[in-house]
Amino acid sequence: MRHARALPLSRRGLLAAGGAVGLGALVTACGSEDGSNSGKDAKGGGSWSFTDDRKKKISLKGRPEHIVAYIGAAAALYDFGIDKQITGIFGPSKLKNGKPDVQAGDFPVDHAQSLGNAWGQFNVEKYATLTPDLLITNMFDPGALFYIPDDSKKKILELAPSAAITTGRVSMLEPIKRYAELAEALGADLNAKKVTDAKKRFEKAAEELRKTAKSHRIKVMACSASAGLFYVSNPKVNADLIYFSELGVDFVQPRKTDKGGYFESLSWENADKYDADVLFLDNRTATLQPDALTGKPTWSKLPAVKADQIAPWSSEPRFSYAGAAPLIESLTKAIQDAKKVS
């Protein structure tokens with residue numbers, strides 16, 4: 001749901017402007033009985049492989065040393081313990097003032113070379129100079145490598161193997177699991193305190209949301225705003241909303257979704273089509289926030305807006321325990337604090 005420009009009506013366009021999951025990581029080592037990496041460093045030898053969510057097996061002579069990743073993927077891997085191997089990033093990593101974009105999470109954006117900060121930007125020449133061993137990105141739609149421009153896709157994919165993790169049409173637990181598996185394959189210690197503490201926080205937050213959803217009958221609308229359109233997101237397609245629904249959250253279900261099924265786009269004249277007690281509003285940099293929407297009459301008339309029951313929504317979540325836990329906690333608090341207004 002990125003809205004840096006006029007949006008094509010697809011998940012890719014909305015995110016940019018605004019079956020296969022569950023495959024195990026096949027990390028093969030020379031003579032290793034458990035299928036894990038041999039433990040030799042990347043330069044020292046030993047084979048490395050990983051099967052991504054396209055069922056594509058990536059095989060290398062050693063563990064990848066130079067990884068280039070979509071910023072959301074980089075942030076998730078960083079949360080699981082992958083750091084110095086990520087030498088390049090693409091996607092919204094920095095704001096105009098130089099501070100990290102919300103989608104960067106805790107990833108140290110200054111430690112990696114940016115190949116492009118906006119939709120459609122990917123510096124192929126700069127990418128080549130990084131001598132990449134592996135390219136990693138999300139896959140919101142089957143086979144679609146997120147933030148890889150179609151016009152330069154062929155050149156990009158010729159320079160290094162790519163790994164894609166499914167991040168749409170499945171519960172958020174699945175991409176979290178898969179990023180954990182990929183991180184472990186890349187050398188992360190999933191038993192590190194940083195990781196186990198984050199998982200405990202995530203599990204505690206999930207249980208609290210489950211209890212809250214059961215005791216508070218609140219209708220939530222996940223949405224996103226641009227200058228020309230108001231988007232109502234589909235809780236049956238967005239990975240985080242699927243998971244929150246599994247925990248019992250009652251979301252508005254759009255009746256006529258656009259191509260791809262991720263949302264229904266409404267003109268501002270029709271922005272009051274659905275009733276909700278809480279608006280779960282896309283908080284990404286290129287989307288419009290409440291203070292920029294006061295001039296929209298239908299926005300101001302929405303019951304949740306009148307009641308000031310608006311919660312920020314990271315509509316493109318970071319698929320890690322550390323990234324997801326605060327999102328769950330924020331939604332839980334919004335529901336706990338809300339009154340029935342619709």
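Student: Hi! What should I know before I start looking?
Tutor: This is a predicted model, where local features need pLDDT of at least 70 and side-chain atom pairs count only at pLDDT 80 or more, while totals for chains, interfaces and linings use all residues. Residues are numbered from 1 along each chain as its sequence is written, and side-chain values use heavy atoms, with hydrogens and water left out.

Student: Okay, how many salt bridges does a search of the whole structure find?
Tutor: The search finds 16. A salt bridge here is a side-chain nitrogen of Lys or Arg within 4 Å of a carboxyl oxygen of Asp or Glu.

Student: Which residue forms a salt bridge with Arg178?
Tutor: That's Asp53, and the closest N and O atoms are 2.8 Å apart. The pair links distant parts of the chain, 125 residues apart: Arg178 sits in helix H5 (residues 173-185), and Asp53 in the loop between strand E1 (48-51) and strand E2 (57-60). Helices (H or I, at least four residues) and strands (E, at least two) are DSSP runs, numbered from the N terminus.

Student: Are Arg178 and Asp53 buried or exposed?
Tutor: Both Arg178 and Asp53 are buried. Buried means under 20% relative accessible area, exposed means over 50%, and partly exposed is in between, using a 1.4 Å probe and protein chains only.

Student: Which residues are linked with Arg178 in a network of salt bridges?
Tutor: Asp53 and Glu181 are linked with Arg178 in that network.

Student: What about Arg210 and Glu207?
Tutor: Their side chains meet in a salt bridge, at 3.6 Å from N to O. Arg210 and Glu207 are separated by about one helical turn because they are 3 residues apart in helix H6 (residues 193-215). Arg210 has a relative accessible area of 40%, so Arg210 is partly exposed. Glu207 is at 37%, so Glu207 counts as partly exposed too.

Student: And which residue does Lys340 pair with?
Tutor: Lys340 forms a salt bridge with Asp277, with the closest N and O atoms 3.0 Å apart. This pair also links distant parts of the chain: Lys340 is in the segment after helix H10 (321-337), and Asp277 is in the loop between strand E11 (263-267) and strand E12 (278-282).

Student: New topic: how many residues of helix H7 are buried?
Tutor: In H7 (residues 239-246), 6 of the 8 residues are buried, so the helix is mostly covered. Among them are Leu241, Tyr243 and Phe244.

Student: What follows H7?
Tutor: Gly248 follows H7, and its phi is positive, near 110°.
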